[in-house]
Amino acid sequence: MSYLEAIILAIIEGLTEYLPISSTAHMGFTAALMGMEESEYLKMFQVSIQFGAILAVVVLYWKRFFDFSNLKFYYKLAIAVIPALVLGKLFDEKIEAVLDNQIAISTVLVLGGVVLLFVDKWFKNPTIVDEKEIPVKKAFIIGFWQCLAMMPGTSRSAASIIGGLTQGLNRKAAAEFSFFLAVPTMLAVTVYSVFVKTWGEGTANAQKGYEMILASNDTIWTFIIGNIVAFIVAMVAVKTFINVLTKYGFRFWGWYRIVIGIALLIFFYYFQ
């Protein structure tokens with residue numbers, strides 16, 4: 001992987017991690033369109049640079065994350081992340097198997113777009129406008145909704161935001177809680193991918209994520225650069241998305257997913 005490829009993928013990650021359009025799908029499509037060779041390092045890189053995007057939320061909402069007088073905030077996040085930790089471990093191999101199936105991911109992108117076209121009509125009367133008003137039970141339910149994103153192309157952000165809307169949150173509160181929930185969720189995924197998971201297990205080249213990162217100066221620097229770029233871009237994307245979502249809703253993102261998904265279905269079906 002070249003430095004330029006790492007930067008491009010990190011920009012895509014930073015832009016799409018917190019948008020309801022699936023960062024995994026967009027990074028996979030981008031890598032395919034650039035003609036990047038499929039490798040275990042590429043898969044690990046796409047997961048691990050989410051760490052940079054996570055830090056963006058922590059920095060932007062640092063008063064929430066470091067308000068130790070509000071212990072219920074941490075408790076709700078801990079409860080909400082449990083479904084993803086359990087189901088993610090159970091379905092890890094099945095999830096990885098789908099990552100290379102661009103047709104399936106493109107199809108999910110389109111179907112998710114169709115759902116987003118109607119979300120604003122389905123949830124018109126929110127009763128919760130702030131994270132502090134979310135009961136623990138509702139936070140746990142939102143955590144289950146987040147698990148829908150285990151199917152690549154779904155979008156963790158879309159699943160958890162819609163989950164929030166089903167529990168009576170308004171758009172802003174649902175989006176912000178989705179951002180907050182991303183921190184423990186994606187931190188756990190990153191730690192697992194880098195330090196626990198054996199990539200290419202059962203092959204002669206099986207390695208832990210950190211072993212692939214430390215394999216050469218180039219892999220070390222692509223990892224560092226990727227996280228830095230993802231962090232910077234995500235800082236801008238989060239603030240922009242909150243403003244756009246609050247003002248315009250989900251319809252734009254629905255049409256975006258449908259158009260991009262259909263275009264990619266045509267491309268991967270006929271040209272790959």
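**Reading salt bridges and helix packing**

User: What does the relative accessible area of Arg-64 tell me?

Analyst: With buried meaning under 20% and exposed over 50%, Arg-64 is partly exposed because its relative accessible area is 24%. Keep in mind that this is a predicted model.

User: Which residue forms a salt bridge with Arg-64?

Analyst: Look for a Lys or Arg side-chain nitrogen within 4 Å of a carboxyl oxygen of Asp or Glu. Here Glu-131 is the partner, its closest N and O atoms being 4.0 Å apart. Glu-131 sits in the loop between helix H8 and H9, and Arg-64 in helix H5, so this pair ties together parts 67 residues apart in sequence. Glu-131 is buried, at 3% relative accessible area.

User: At what angle do helices H6 and H9 pack?

Analyst: For a helix pair, read the angle together with the axis separation and the handedness. H6 and H9 pack at about 35°, with axes 7 Å apart, and their crossing is right-handed. Lys-76, from the network above, is among the H6 residues making the contact, and Phe-140 is one of those from H9. By class, the contact has nine nonpolar, two polar and two charged residues.

Methods:
Residues numbered from 1 in each chain as written. Predicted model: local features only at pLDDT ≥ 70, side-chain atom pairs only at ≥ 80, totals over all residues. Heavy atoms only, no water. Axes fitted to C-alpha atoms, helices over the stretch in contact; angles between N-to-C directions. Helix = DSSP H or I, 4+ residues; strand = E, 2+ residues; numbered from the N terminus. Left-handed = near helix turned anticlockwise from the far one by under 90°. Contact = heavy atoms within 4.5 Å. Nonpolar A, V, L, I, M, F, W, Y, C, P; charged D, E, K, R; others polar. Buried < 20%, exposed > 50% of the residue type's maximum accessible area, 1.4 Å probe, protein only.
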